[in-house]
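The sequence and structure come before the details.

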Amino acid sequence: MTGCLRVGQAAPDFTSTAVVDQEFKTTKLSDYRGKYVVLFFYPLDFTFVCPTEIIAFSDRYSEFKELNTEVLGVSVDSEFSHLAWIQSDRKSGGLGDLNYPLVADLKKEISTAYNVLDPDAGIALRGLFIIDKEGIIQHATINNLSFGRSVDETLRTLKAIQYVQSHPDEVCPAGWQPGDKTMVPDPVKSKIYFSAV
């Protein structure tokens, strides 16, 4: 992998075909400006760990929607493969209906732009990016192929990002959840937080 995509940078824009409600639709990342976006990559359709992640995000989609957030899944498969997998029953390893788009990246341009393409395998690693309303990457993680991600942790991180963006004089400590104490990033004022833990 090459490239130096980092948090704090603008998310690379892309236009591709996605499957939305079992239809093919052109999807452009910049069309979601004004919303947060959870953009996640997975290796391949019709595999094993991937459906557990894709279904988990779909089943919790309403929680993301309440946070003004769209979810987009991407793999190096075609839209036709995505559609066939969505039309397959979950009990047989299929996806069933999904609440968010699956984006086709057959030319591997999106995976390359986000620096998650494994050049030896020719598929994407499990990259996950949280992009803010201005199109800036605020969070990035990349897992290897054989273990999945946590929707709970993605939601927690998203809420922390939204909190600090609306409270720019505060920061969130480890494991922060909404309602927990934050701290002021100041040598003196931070002691208020530390003295209470």
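## Cysteines

Cys172 counts as partly exposed because its relative accessibility is 23%; with a 1.4 Å probe and protein chains only, buried means under 20% relative accessible area, exposed over 50%, and partly exposed in between. The model is predicted, so local features need pLDDT of at least 70 and side-chain atom pairs count only at pLDDT 80 or more, while totals for chains, interfaces and linings use all residues. Residues are numbered from 1 along each chain as its sequence is written, and side-chain values use heavy atoms, leaving out hydrogens and water.

The count of disulfides (pairs of cysteine sulfur atoms within 2.5 Å) is zero.

## The annotated position

UniProt, in an unreviewed entry, lists Cys50 under "active site"; such annotations may be inferred rather than shown by experiment. Cys50 counts as buried because its relative accessibility is 1%.

Cys50 belongs to helix 1, residues 49–59 (a helix is a DSSP run of H or I, at least four residues). Apart from neighbours within four places in sequence, Cys50 is in contact with Tyr42, Pro43, Leu44, Trp85 and Arg126 (contact: heavy atoms within 4.5 Å).

## Cavity

A search of the whole structure gives one cavity of 30 Å³ or more. A cavity is a set of points on a 1 Å grid over the protein atoms alone where a 1.4 Å probe fits but cannot get out; lining residues have an atom within 4 Å of a point. The largest cavity has a volume of about 40 Å³, volume being the space filled by probe spheres set on the points.

Its lining consists of Val19, Asp21, Gln22, Ile86, Asp97, Leu98 and Tyr100.

Technical notes:
1 Å grid on protein atoms, 1.4 Å probe; cavity = no way out; pocket = protein on both sides within 12 Å on 5 of 7 lines; lining within 4 Å. Helix = DSSP H or I, 4+ residues; strand = E, 2+ residues; numbered from the N terminus.
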